[in-house]
Amino acid sequence: MAQADALMDALRVSVFKEGTTERYRLPDGLSWERVAEQTGFDSGKSARKSWFLLQTPVYLVVGLLRVLGKEEHEVLEGKTSLRITQ
């Protein structure tokens with residue numbers, strides 16, 4: 001479980017490492033409403049709240065990576081590596 005938590009933390013950081021100065025602010029041109037459309041949340045507010053409370057489901061992180069438009073994304077946490085490709 002600790003490895004899963006560490007990997008989710010690394011995913012959260014990797015999604016927001018470019019283009020933002022605030023922890024929960026999305027990069028310019030991306031809205032929580034758009035994220036909600038892509039990830040199945042009822043509203044942008046519920047997606048943001050899930051992120052804010054750090055109860056982020058994996059599909060929200062993967063959805064964010066998809067909306068950010070990266071073809072391939074790799075996250076490293078200790079000896080654990082996760083590669084997400086589209």
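**Exercises on a predicted helical model**

In this predicted model, Lys45 is exposed, its relative accessible area being 69%.

**Exercise 1.** Identify which members of the largest nonpolar core touch the most other members, and which elements supply the core.

*Solution.* Step 1: the core comprises 20 residues, among which Trp51 and Leu64 touch the most other members. Step 2: two or more residues come from each of α1 (2-15), α2 (32-39), α3 (44-52) and α4 (58-68). Step 3: α4 contributes the most, with 5 residues. Step 4: leaving aside residues up to four places away in sequence, Leu64 touches Val15, Phe16, Leu26, Leu30, Val35, Thr39 and Trp51.

**Exercise 2.** Describe how α2 packs against α4 and which residues make the contact.

*Solution.* Step 1: the two helices pack at about 115 degrees, and their axes are 9 Å apart. Step 2: angles from 65 to 115 degrees count as roughly perpendicular, and α2 is therefore roughly perpendicular to α4. Step 3: the crossing of α2 past α4 is right-handed. Step 4: α2 makes the contact through Arg34, Val35, Gln38 and Thr39, and α4 through Tyr59, Leu60, Gly63, Leu64 and Val67. Step 5: by class, this contact has 5 nonpolar, 3 polar and 1 charged residues.

Conventions: Residues are numbered from 1 along each chain as its sequence is written. This is a predicted model: local features need pLDDT of at least 70, side-chain atom pairs count only at pLDDT 80 or more; totals for chains, interfaces and linings use all residues. Side-chain values use heavy atoms; hydrogens and water are left out. A nonpolar core is a set of buried Ala, Val, Leu, Ile, Met, Phe, Trp, Tyr and Cys residues joined through side-chain atoms within 4.5 Å. Buried means under 20% relative accessible area, exposed over 50%, partly exposed in between (1.4 Å probe, protein chains only). Helices (H or I, at least four residues) and strands (E, at least two) are DSSP runs, numbered from the N terminus. Contact means heavy atoms within 4.5 Å. Axes are lines fitted to C-alpha atoms, for helices over the stretch in contact, and angles run from 0 to 180 degrees between N-to-C directions. Angles under 35 degrees count as roughly parallel, over 145 as roughly antiparallel, 65 to 115 as roughly perpendicular and the rest as oblique. A crossing is left-handed if the near helix is turned anticlockwise from the far one by less than a right angle, and right-handed if clockwise. Ala, Val, Leu, Ile, Met, Phe, Trp, Tyr, Cys and Pro count as nonpolar, Asp, Glu, Lys and Arg as charged, and the others, Gly among them, as polar.
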